[in-house]
Amino acid sequence: QVQLVESGGGLVQPGGSLRLSCAASGSIFSIDAMGWYRQAPGKQRERVAGITSGGYINYADSVKGRFTISRDNAKNTVYLQMNSLKPEDTAVYYCNAAIRPAIATMTFNYWGQGTQVTVSS
């Protein structure tokens, strides 16, 4: 069974940095786009950053210049390096990936369980 497992969240002071990781496991044929979303209390889930299998990247305007998304295709892992963190970055961060399982002929959308990021002094 395919699953996404995130790690790297925590509590950090404003201006600090965190690095999130998300590893896909299971019987996987291929992974297309991967990305990160976040959801703050009382708000809708929003897209933070995405990266295609070919390396095309885009970011939400609110994180441009501060966050960097990358992926290691050999490890089926996507990363989110977050610098210059602000209190408004506080949210549960979710990994998302379009994955074709080994036994399937189509791609499915998978979500991680979420990891809490809290930016506070």
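**Exercise 1. Decide for R66 and D89: buried or exposed?**

Solution. R66 is buried, and D89 is buried too. Buried stands for under 20% relative accessible area, exposed for over 50%, and partly exposed for what lies in between, with a 1.4 Å probe and protein chains only. The model is predicted, so local features need pLDDT of at least 70 and side-chain atom pairs count only at pLDDT 80 or more, while totals for chains, interfaces and linings use all residues. Residues are numbered from 1 along each chain as its sequence is written, and side-chain values use heavy atoms, with hydrogens and water left out.

**Exercise 2. Find which salt bridge joins R66 to D89, and what network it belongs to.**

Solution. Start with the criterion: a salt bridge is a side-chain nitrogen of Lys or Arg within 4 Å of a carboxyl oxygen of Asp or Glu.

Step 1. The side chains of R66 and D89 meet this criterion at 2.7 Å, N to O.

Step 2. This pair links distant parts of the chain: R66 sits in the loop between β6 (57–59) and β7 (67–72), D89 in the loop between β8 and β9, 23 residues apart. Strands (E, at least two residues) and helices (H or I, at least four) are DSSP runs, numbered from the N terminus.

Step 3. Through shared partners, salt bridges join R38, E46, R66 and D89 into one network.

**Exercise 3. Locate the disulfide and explain why it ties together separate parts of the chain.**

Solution. Step 1. A disulfide is a pair of cysteine sulfur atoms within 2.5 Å, and the count by this rule is 1.

Step 1. The sulfur atoms of C22 and C95 are 2.1 Å apart. The link is left-handed, with -80° about the S-S bond.

Step 2. C22 lies in strand β3 (residues 18–25) and C95 in strand β9 (residues 91–101), so the pair ties together parts that are 73 residues apart in sequence. Both cysteines, C22 and C95, are buried.

**Exercise 4. Give the strand order of the open sheet that contains β1, and name its edges.**

Solution. Step 1. Two strands pair if DSSP finds at least two bridges between them.

Step 1. The 4 strands run in the order β1-β3-β8-β7, with antiparallel pairing. β1 (3–7) and β7 are the edge strands, each pairing on one side only.

Step 2. Between β7 and β8 there are 6 bridges, and T68 stands opposite Q81 in β8.

**Exercise 5. List pairing partners of β9, and say why β9 is largely enclosed.**

Solution. Step 1. β4 and β9 run antiparallel and are joined by 9 bridges; W36 has C95 as its bridge partner in β9.

Step 1. β9 pairs antiparallel with strand β10 (residues 108–111) over 4 bridges, and a hairpin of 6 residues joins the two.

Step 2. β9 is also joined to strand β11 (residues 115–119) by 3 bridges, again antiparallel.

Step 3. Of the 11 residues of β9, 9 are buried, so β9 is largely enclosed by the rest of the structure.
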